[in-house]
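Work through the exercises below with the sequence and the model side by side. Each task is followed by a solution in steps.

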Amino acid sequence: MKVRLLLVAVCAVLLPAAANAAPGHGNRGVLYTYAGQLSAAPGSTSLSLAVQSGNRVALQSLLGQSDQQTFAYGASTEFLRWSGGVPTVVSASALDAGDWVRVNVRAPAGSSLATIEATAPGIVGDEVTQPQPPGEPLFLVRGTLTAVGSTTVTMNVTGGNREALRLMIGQPAPQSFSFGPDTIILLWQGNVPSVISAGQLTPGDRFVVRVRAAKGSTLAQVEASEAVHLGDREPVSAH
């Protein structure tokens with residue numbers, strides 16, 4: 001009986017999480033992420049980069065291909081320059097050769113590289129220099145914001161990355177996470193972010209919490225660690 005109850009608890013957490021964390025939702029397609037250095041300043045409708053990393057589906061699309069690739073972009077593409085964890089909307093002309101960028105494209109599952117490259121990215125994130133690997137793992141949870149306190153936010157967790165979901169097995173969906181003066185809080189309006197205060201957060205919104213904590217941390221330890229980012233209405237294709 002205990003084993004059966006544990007399996008039910010696991011399914012209660014992981015099934016909705018899988019629906020939320022899946023790369024594609026409905027007809028939105030799969031998220032392909034490519035990261036590398038710009039080979040030249042972007043042209044009027046395209047940018048070229050030496051791809052050095054990416055998510056699994058993106059790297060699969062590159063099998064047998066050169067690391068030098070060109071991606072089309074359009075009026076719907078947002079260019080974000082990141083500095084100190086805060087993004088600023090810029091034009092393509094603000095990007096320079098040698099900048100480290102991340103290109104996020106949504107295309108049907110199994111698309112060819114040519115199809116992906118012809119599809120305008122939702123977001124191109126410019127980090128200028130290659131980011132240094134963080135010293136601690138990322139615990140990311142998604143869900144719906146339900147309450148905001150002076151130092152904590154409460155949400156109904158419906159998804160997240162593997163590190164976070166492992167800690168959610170057998171736990172109730174409502175959870176509270178800490179934030180502090182160094183936490184960056186962003187409100188996303190479409191693909192455009194702006195920095196806000198905790199007092200401007202709106203319960204009921206789609207919400208993302210990012211926490212860096214020591215490997216092997218318990219859920220209580222993660223929740224007590226100051227979040228590095230809170231994302232209100234954050235799109236799936238965000239940085």
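**Exercise 1.** Find the strand order of the open sheet that contains E10, and name its edge strands.

Solution. 
Step 1. Seven strands form this open sheet, in the order E10-E9-E8-E13-E14-E11-E12, and their pairing is mixed. Strands (E, at least two residues) and helices (H or I, at least four) are DSSP runs numbered from the N terminus, and two strands pair if DSSP finds at least two bridges between them.
Step 2. Strand E10 (174–178) and strand E12 (192–195) are the edges, each pairing on one side only.
Step 3. On average, neighbouring strands of this sheet are turned by 35° against each other, direction ignored. The axes are lines fitted to C-alpha atoms, for helices over the stretch in contact; angles between N-to-C directions run from 0 to 180 degrees.
Step 4. Inside the sheet, strand E13 (residues 206–212) runs antiparallel to strand E14 (residues 229–232), and four bridges join them. Opposite Phe207 stands Asp232 in E14.

The model is predicted: local features need pLDDT of at least 70 and side-chain atom pairs pLDDT 80 or more, whereas totals for chains, interfaces and linings use all residues. Residues are numbered from 1 along each chain as its sequence is written, and side-chain values use heavy atoms, with hydrogens and water left out.

**Exercise 2.** Describe the open sheet that contains E3, then look at the hairpin of E4 and E5.

Solution. 
Step 1. The order of this seven-stranded open sheet is E3-E2-E1-E6-E7-E4-E5, again with mixed pairing.
Step 2. E3 and strand E5 (86–90) are the edge strands; each has a pairing on one side only.
Step 3. Neighbouring strands here are turned by 40° against each other on average, direction ignored.
Step 4. Strand E4 (residues 78–83) pairs with E5 in the antiparallel sense over five bridges. Leu80 is opposite Val89 in E5, and Ser83 has Val86 as its bridge partner in E5.
Step 5. Two residues lie between the strands of this hairpin, and Gly84 takes a positive phi near 60° there.

**Exercise 3.** How many aromatic pairs are there, and how are their rings set?

Solution. 
Step 1. Apply the rule: rings of Phe, Tyr and Trp (its six-membered ring) pair if their centres lie within 6.5 Å; planes under 30 degrees apart are stacked, over 60 edge-to-face, and the rest tilted. The count is two aromatic pairs.
Step 2. Tyr34 and Phe71 have ring centres 5.0 Å apart and planes at 50°, so this pair is tilted. Tyr34 belongs to strand E1 (residues 30–38) and Phe71 to strand E3 (residues 68–72), so the pair ties together parts 37 residues apart in sequence. Both Tyr34 and Phe71 are buried; buried means under 20% relative accessible area, exposed over 50%, and partly exposed in between (1.4 Å probe, protein chains only).
Step 3. The ring centres of Tyr73 and Phe79 are 5.1 Å apart and the planes are at 85°, so this pair is edge-to-face. Tyr73 is buried because its relative accessible area is 13%. Phe79 is buried too, with a value of 4%.

**Exercise 4.** Is Ala224 buried or exposed, and where does Ala224 lie?

Solution. 
Step 1. Ala224 is in helix H5 (residues 219–224).
Step 2. With a relative accessible area of 57%, Ala224 is exposed.
Step 3. From Ala224 to Ser176 the C-alpha distance is 8.8 Å, with 48 residues of separation in sequence.
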